[in-house]
Amino acid sequence: MLAITQYAFGGPEVLEVVEADRPRPGPGEVLVRVAATSVNAADWKVRAGLIRELGDPPLTLGFDVAGAVDELGPGVDRFAVGDAVYGMVFGGANAEYVVAQAHMLAPKPRNIDPVHAAALPTAALTAWQALAALGAGQRVLVHAAAGGVGHLAVQIAEHRGAFVIGTARAVNHEYLRELGAEEVIDYTAVDFGSAVRDVDIVFDLVGGEYGSRSLRALRPDGRLIDAQGSDAEADPRYERFHVEPSGVSLREITTMVERGHLRATIDQVLPLQEAGEAHRLAEAGRVRGKIVLVARHPPA
């Protein structure tokens with residue numbers, strides 16, 4: 001099978017197209033024939049060696065998968081061969097086949113294709129889980145609101161009845177209003193820390209010094225939910241967030257998608273072999289929504 005592998009940490013140029021053996025599923029696992037995968041911030045951070053949770057090279061990246069069940073491991077009874085599925089895995093999805101634990105997968109939403117399904121798992125789970133306690137009438141500030149996680153967070157927060165404020169470049173303001181943001185701030189021209197007040201939750205998808213600046217916008221009993229790592233760790237309102245794969249949560253996300261309340265924006269679709277170019281684009285930070293990579297298997 002074709003796979004994208006790296007043998008060293010570094011820039012996008014370390015990603016190589018190789019032929020690899022097709023994996024076999026073990027107990028509780030499913031072999032998925034990959035139709036599409038997508039690029040998340042975690043991908044290029046692992047590639048560069050900034051995140052080491054997957055260990056040392058050689059590595060095959062890819063946290064998102066959409067495709068069809070090709071083989072079932074012992075003890076798996078929730079899926080059948082041929083089922084269309086999607087999910088978040090711990091690496092390996094930048095290939096034509098990937099093994100996933102069955103509990104990480106869910107049936108693909110019936111009303112979208114594999115390309116749009118592949119854009120959802122990691123980003124949608126991040127927004128869904130991070131904003132789990134968000135209630136109707138609360139004010140939430142989403143940083144990098146037009147990005148892969150941000151544009152889904154805006155929709156999820158709006159669906160839960162929150163007043164959504166987003167930071168983004170001016171070119172993305174109308175787009176975010178269409179998604180449900182009621183107030184949008186151009187972070188290149190305005191200090192959001194001074195422009196926003198009395199926010200219940202700040203969802204920080206930028207990190208660094210955005211943390212301390214965001215604290216000024218929070219209510220005394222508010223929460224700063226940080227998905228990147230920031231300079232606000234000492235504040236009692238600070239919460240470091242890490243996403244967890246969950247087929248259960250994905251089924252709830254599927255319901256939102258099928259009812260028309262959540263949609264993924266696709267910035268570009270590239271062949272899997274162009275993973276390096278996808279990383280360059282994603283790392284530059286000017287992507288609206290997600291970049292999707294398609295395998296040689298044509299999406300159904």
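A crossing of two helices is right-handed if the near helix is turned clockwise from the far one by less than a right angle. The legends below describe a predicted model.

**View 1. Helix 3 crosses helix 4 in a right-handed sense.** Helix 3 covers residues 121–130, and helix 4 covers residues 150–159. Their axes lie 9 Å apart. The packing angle is about 40°. Angles under 35 degrees count as roughly parallel and those from 65 to 115 as roughly perpendicular, so helix 3 and helix 4 are oblique to each other.

**View 2. Side by side: the residues where helix 3 meets helix 4.** Helix 3 contributes Ala123, Ala124, Ala127 and Trp128. Helix 4 contributes Leu152, Ala153 and Ile156. By class, this contact has 7 nonpolar residues, with no polar and no charged ones.

**View 3. Asn94 sits in the loop between strand 6 and strand 7.** Strand 6 spans 84–88, and strand 7 spans 97–101. Asn94 has 4% relative accessibility; buried means under 20%, so Asn94 counts as buried. Neighbours within four places in sequence are left aside here. Beyond them, Asn94 is in contact with Ala3, Ile4, Thr37, Thr60, Leu61, Gly62, Leu272 and Leu293.

View 4. The C-alpha trace spans about 55 × 40 × 35 Å along its principal axes. The radius of gyration is 19 Å, which agrees with the value near 19 Å for a compact globule with 300 residues. Of the 300 residues, 57% count as buried. Among contacts with a separation of 6 or more, 62% join residues 24 or more positions apart.

Key. Residues numbered from 1 in each chain as written. Predicted model: local features only at pLDDT ≥ 70, side-chain atom pairs only at ≥ 80, totals over all residues. Heavy atoms only, no water. Axes fitted to C-alpha atoms, helices over the stretch in contact; angles between N-to-C directions. Helix = DSSP H or I, 4+ residues; strand = E, 2+ residues; numbered from the N terminus. Parallel < 35°, antiparallel > 145°, perpendicular 65-115°, else oblique. Contact = heavy atoms within 4.5 Å. Nonpolar A, V, L, I, M, F, W, Y, C, P; charged D, E, K, R; others polar. Buried < 20%, exposed > 50% of the residue type's maximum accessible area, 1.4 Å probe, protein only. Rg over C-alpha atoms; globule rule 2.2 N^0.38 Å.
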